[in-house]
Amino acid sequence: MVNDTATSSTALTGERAALLKALGKARFFLRHTVNGLTDEQAGTRSTVSELCLGGLIKHVAGCEEGWVNFILDGTSAMKDFDDMTEADYQKRDDEFRMLPGETLADVLARYEAVAARTDEIVATVDLDRAWPLPKAPWFENESWSTREVLLHIIAETTQHSGHADILREAIDGQKTMG
């Protein structure tokens with residue numbers, strides 16, 4: 001398996017190396033799902049949902065970027081749920097599809113850049129620093145440490161990798177594994 005971290009896992013040890021290894025593995029499987037696809041296939045809605053593979057990778061990149069901004073800037077990096085506008089909702093919806101002019105190569109390049117930034121930050125950030133979460137129905141007035149945010153990013157990437165596997169199989173029968 002390819003080392004998917006900008007900072008070599010041999011340079012880091014312990015918890016940081018383990019977090020980056022788990023995140024790298026999840027990223028690998030997500031990206032591996034789109035190997036050999038055309039832009040048209042990456043934009044295909046292969047199930048009844050709005051999801052397409054390119055959009056799913058866009059969404060994961062956007063989520064990772066947003067949560068890393070939260071690690072650095074705290075609550076100010078994210079809007080409270082009640083403050084979301086129609087434009088915010090449209091931007092979120094657009095993350096799940098390939099828009100005109102977007103290519104799979106561009107989507108993957110953005111994801112790679114987001115991943116590299118995350119990996120650099122994980123190498124030095126205080127894993128115990130915590131911020132209050134933005135107000136939303138799914139958060140209960142709690143705070144998350146950097147460590148908890150990174151575990152959330154890993155979980156989200158892994159979950160969406162599974163979604164991607166289903167979408168890919170519906171397109172051409174290919175599976176990420178097996």
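The side chains of Asp 119 and Arg 27 meet in a salt bridge, with N to O at 3.0 Å. This is in a predicted model, so keep that in mind for everything I say. Asp 119 sits in helix H5 and Arg 27 in helix H1, so this pair links parts of the chain that are 92 residues apart. Both Asp 119 and Arg 27 are buried.

I will go through a few of them.

Take Arg 147, in helix H6, residues 146-172. Arg 147 meets Glu 15 in a salt bridge at 2.4 Å, N to O. Glu 15 is in helix H1, so the pair ties together parts that are 132 residues apart in sequence. Arg 147 is partly exposed at 24% relative accessibility, and Glu 15 is partly exposed at 36%.

Arg 147 also forms a salt bridge with Asp 128, where the closest N and O atoms are 2.8 Å apart. Is Asp 128 buried or exposed? At 53% relative accessibility, Asp 128 counts as exposed. Elsewhere, salt bridges that share partners join Arg 45, Glu 50, Asp 94 and Arg 97 into one network.

Now a charged residue without such a partner. Glu 95 is in the loop between H4 and helix H5. Glu 95 is buried yet has no salt bridge. What does Glu 95 touch, leaving out residues up to four places away in sequence? The list is Gly 55, Leu 56, Lys 58, His 59 and Gly 62.

Next, a residue in another loop. Thr 33 lies between helix H1, residues 14-32, and helix H2, residues 39-42. Thr 33 is buried, with 2% relative accessible area. The Thr 33 side chain reaches the backbone oxygen of Phe 29 at 2.8 Å. Again leaving out residues up to four places away in sequence, Thr 33 touches Leu 53, Ala 164, Asp 165, Arg 168 and Thr 176.

On to the rings. There are seven aromatic pairs. One of them is Phe 81 with Trp 138, edge-to-face, 5.1 Å centre to centre and 80° between the planes. Phe 81 is in the loop between H3 and H4, while Trp 138 is in the loop between strands S1 and S2, 57 residues apart. Phe 81 is partly exposed at 30%, and Trp 138 is exposed at 56%. Both belong to one aromatic cluster, along with Trp 67, Phe 70, Phe 139 and Trp 144.

Asp 82 is in the loop between helix H3 and helix H4 too. Asp 82 counts as exposed, at 71% relative accessibility. The C-alpha atoms of Asp 82 and Pro 137 are separated by 9.4 Å, although the two residues are 55 apart along the chain.

Last, the cysteines. A disulfide is a covalent bond between the sulfur atoms of two cysteines. Cys 52 is buried, at 0% relative accessibility, whereas Cys 63 is partly exposed at 23%.

Conventions: Residues numbered from 1 in each chain as written. Predicted model: local features only at pLDDT ≥ 70, side-chain atom pairs only at ≥ 80, totals over all residues. Heavy atoms only, no water. Buried < 20%, exposed > 50% of the residue type's maximum accessible area, 1.4 Å probe, protein only. Helix = DSSP H or I, 4+ residues; strand = E, 2+ residues; numbered from the N terminus. Phe/Tyr/Trp six-rings, centres within 6.5 Å; stacked < 30°, edge-to-face > 60°. Lys, Arg positive; Asp, Glu negative; His and termini not counted. Salt bridge = Lys/Arg side-chain N within 4 Å of Asp/Glu carboxyl O. Contact = heavy atoms within 4.5 Å. Polar contact = N/O pair within 3.5 Å; in protein donor to acceptor, adjacent residues only side chain to side chain.
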